Amino acid sequence: MIVRPTVADDKSSIMQMLSASGQFDEDALAFVAGTFDACMSGEGTGQWFSAEEEGHIIGVAYVNPEPVTIGTWNLLLLWVDPKTQGKGVGRELVNNVRTYCTDHGARLLIVETSGSDTFQPARAFYRRIGFTEEARVRNFFADGDDKVICTMPLRH
């Protein structure tokens with residue numbers, strides 16, 4: 001497996017992977033596609049990373065600087081193909097994100113996720129790799145579905 005900066009030609013593979021997951025509705029897929037296009041054209045900000053194995057994308061990450069902050073970046077998307085979860089793909093993507101962010105002056109990395117039971121494995125993963133839960137916004141996504149905000153310091 002290699003992790004590399006994503007290129008525009010990866011869009012189709014990424015969108016197929018996310019669509020096949022069933023966890024992204026049409027609005028979410030359209031948002032991801034728009035963000036991807038903006039970033040690849042230079043109109044957007046941030047950086048995409050792809051994890052690739054035998055020529056196939058098996059994971060993707062997108063990180064963006066948080067507006068109106070000094071050195072805070074947000075890991076807005078981290079997705080690993082379920083067939084390859086548990087094999088270090090997510091950890092390696094986050095390691096690349098951390099290095100990129102640090103090299104670009106970041107001091108803090110945040111990730112926001114759902115507080116629903118469905119996202120418990122994601123929250124456990126973030127804890128295992130060094131994120132700490134900082135805040136919870138009750139009923140953010142829907143009634144009973146909190147936004148959980150986790151942080152990881154990048155400079156000590």
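Trainee: Which residues form one aromatic cluster with F36?

Mentor: F36 forms one aromatic cluster with W48 and Y62. Keep in mind that this is a predicted model, where local features need pLDDT of at least 70, side-chain atom pairs count only at pLDDT 80 or more, and totals for chains, interfaces and linings use all residues. Residues are numbered from 1 along each chain as its sequence is written, and side-chain values use heavy atoms, leaving out hydrogens and water.

Trainee: How many aromatic pairs does the structure hold?

Mentor: There are eight aromatic pairs; rings of Phe, Tyr and Trp (its six-membered ring) pair if their centres lie within 6.5 Å, and planes under 30 degrees apart count as stacked, over 60 as edge-to-face and the rest as tilted.

Trainee: Why is the pair of F36 and W48 called edge-to-face?

Mentor: Their ring centres are 5.0 Å apart and their planes stand at 75 degrees, so the pair is edge-to-face.

Trainee: What about F140 and F141, why is that pair edge-to-face?

Mentor: Here the centres are 5.0 Å apart with the planes at 85 degrees, so this pair is edge-to-face.

Trainee: Why does F140 count as partly exposed?

Mentor: Buried means under 20% relative accessible area, exposed over 50%, and partly exposed in between (1.4 Å probe, protein chains only). F140 has 41%, so F140 is partly exposed.

Trainee: And what is F141, with a relative accessible area of 45%?

Mentor: At 45%, F141 is partly exposed. By contrast, F36 and W48 are buried.
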